[in-house]
Amino acid sequence: MFEQFGFEETTARQASLYFALGLGLLFGALAQVTRFCFRRAVVGEDRRQAAGVWATALIVAVLGTQAVVASGLVSFDGHRLLTPDLPWLAVIVGGLLFGVGMVLTRGCISRLAVLGGGGNLRGLFVLLVFAVTAHATLKGVLAPLRTGLGQVTVGLGDAASLAAIPGGAWVGAALLSIIALAFVWRSGNRPLTLVGAAAIGLLVPLGWVGTGYVLLDEFDPITMESLSFTAPTADTLFWGIASSAVEPGFGVGLVGGTILGALVAALLAGSFKWQSFESPAQTGRYVAGGVLMGMGGVLAGGCTLGAGLSGLPTLSVAALLALGSMALGARLTDAALRSADARSARPTTPQAQPAE
């Protein structure tokens, strides 16, 4: 299909770089304006509003993705998210680790990239730690951990997709959308905010169609992918240190575009502000969180964006398990931190009791 669009001087990989750059610019700007973040939707002080934003994007992503599948533009047959042998242990452990990490850093990795574009040096630093750890887990010293956990599987067959339930794919998509709609209904968000969230959701099927249909090249194939940050950050790191030997592709464009889009949106809104770490303890906490998210994102098969917003629209049971594990890890970590803060704030000396 790629050749039929008349790209004579550009390879599919080169075109995917520019395509992802555009996707990233839009995502970065929209995420900056809507404050799109899964962590906030799970444990944030304004989680009702944040959950409404995230759920709106998910509804549009699910319905849009299933629409392009039904039209025959893309197919997820053989996609890694729909493998018949579910590496359940890796997915659960990875999801839990990612959930812990995003609470420690006060943001999922896509949100930290957006914050970095707005001048938050903590976000950019964690993005670098995340990229190093993700690359080490994919191809480096932590790879044995990934392969070891990944060998523990359960055979699901056709049940690896919600499309296997009675009624088929559209029933599965409807179930996900109805559940998400409940969060939107009670969120109390302004209509304009929900419009921005819906626009984020549209980027997901756009990404699938762009890489899986428009840029499909049978002679030099590229990976069909959409919004994600785990593999793209690792690819960006590798390209950054070996650009003379490695050609940039979709991942580099998506990460760079996201940061640039958030930067432009922050500058236009007058909200750009340099921010850094406040103490060594905070630095250590963010480093730990970045490492856990880097490992967890690879083990779970993606971050809250890759396994969540882009993964769930494929109706993947693995994606559903990964996102649920991330939410559980975040909730448990948030509860533990709140309990620790309450204990530290408790007076150590007995208070004077009033007279009877």
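I worked on a predicted model, where local features need pLDDT of at least 70, side-chain atom pairs count only at pLDDT 80 or more, and totals for chains, interfaces and linings use all residues. Residues are numbered from 1 along each chain as its sequence is written, and side-chain values use heavy atoms, leaving out hydrogens and water.

Buried means under 20% relative accessible area, exposed over 50%, partly exposed in between (1.4 Å probe, protein chains only). The core has 71 residues, and Phe27, Phe36, Phe98, Ile109, Phe229 and Leu309 touch the most other members. Helix H3 (residues 47–70) gives the largest share, 11 residues. Helices here are DSSP runs (H or I, at least four residues), numbered from the N terminus. I then checked Phe27: beyond four places in sequence, its contacts include Phe36, Ile200, Phe229 and Leu305. Contact means heavy atoms within 4.5 Å.

**Helix pair.** H10 (residues 230–241) packs on H11 (residues 250–269) at about 100°, with axes 8 Å apart. Axes are lines fitted to C-alpha atoms over the stretch in contact, with angles from 0 to 180 degrees between N-to-C directions. The pair is therefore roughly perpendicular (65 to 115 degrees). Trp239 is among the H10 residues that meet H11.

**Positive phi.** I noted Arg35, with phi near 60°, in the loop between H1 (12–34) and H2 (38–43). Arg35 is partly exposed, at 43% relative accessibility. Leu315 has phi near 65° and is buried, at 1%.

Conventions
Core = buried A, V, L, I, M, F, W, Y, C linked by side-chain atoms within 4.5 Å. Helix = DSSP H or I, 4+ residues; strand = E, 2+ residues; numbered from the N terminus. Parallel < 35°, antiparallel > 145°, perpendicular 65-115°, else oblique.
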